[in-house]
Amino acid sequence: LLTTLLVIIGLTIGTSLFDQIGRRLNSQPWQFIHDHPLQIEEAVKFLLAGQNPYAADYRQTPMVNWWKGNPALDHLVDLPFSIIKSVPIYLWWQGMNGWYDERITQLGFIIFALFALYYLFDTAELKRLAIIVFVFNPAFYIFFIEGRTDIVFMSLLLGAFMFLKKRAYFWSSLFMALAVTSKHTAWFILPFYSIYLWYAGVL
């Protein structure tokens, strides 16, 4: 049943994702993608060119065609890990294929999220249910296809919880640190995570 579920996810998520990437390749760089991953791509380029992506002018990038009044044209909204994590994949994929789409990197994060969900729950029924609810949640599925970056910090949080369950506190803390340096939303879980570690005698 789990194998069948993963095949269904691949045929839905995977097909939709690569369909949008293909449409973008055959049109313009700012089409068929959200402005958030588009800005990450440009920030990676600035970083590799030796420029500070937080001080760069995004009005000179394809982002200007996405939304003329976009405040992200003047400010990089992401935290550092959101940019750094894409650098090696950008170099590898761009070098191999001559193009890059931020959703290629995000694909690795959703695979890890499914892996973490599998090990977070004890019974086969709960494992499958957790994966179904996570992947096919209407508030996630469509946004993932267009490239919004929530999957990055969510997969890192799931990784932190997975290692926490295994009492691998170093790895759990590392994944939590990466989560809070990838998106501001992850900060809200940090006090509760710290309290848990305190009661566990780790802090």
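Which residue forms a salt bridge with D122? The partner is K165, with the closest N and O atoms 2.7 Å apart. A salt bridge here is a side-chain nitrogen of Lys or Arg within 4 Å of a carboxyl oxygen of Asp or Glu. D122 sits in the loop between α5 (102–120) and α6 (124–135), and K165 in helix α8 (residues 150–165), 43 residues apart. Helices are DSSP runs (H or I, at least four residues), numbered from the N terminus. D122 is exposed at 64% relative accessibility, and K165 is partly exposed at 38%. Buried means under 20% relative accessible area, exposed over 50%, and partly exposed in between (1.4 Å probe, protein chains only).

The model is predicted: local features need pLDDT of at least 70, side-chain atom pairs count only at pLDDT 80 or more, and totals for chains, interfaces and linings use all residues. Residues are numbered from 1 along each chain as its sequence is written, and side-chain values use heavy atoms, with hydrogens and water left out.

The count comes to 10 salt bridges. One of them joins the side chains of E41 and R24 (2.8 Å, N to O). E41 lies in helix α2 and R24 in helix α1, so this pair ties together parts that are 17 residues apart in sequence. Both E41 and R24 are buried.

The side chains of D150 and K183 also meet in a salt bridge (2.5 Å, N to O). D150 belongs to helix α8 and K183 to the loop between α9 (169–180) and α10 (190–199), so the pair ties together parts 33 residues apart in sequence. D150 is partly exposed at 27%; K183 is buried at 19%. Salt bridges that share partners join R24, E41, D101 and R103 into one network.

How values were computed. Helix = DSSP H or I, 4+ residues; strand = E, 2+ residues; numbered from the N terminus.
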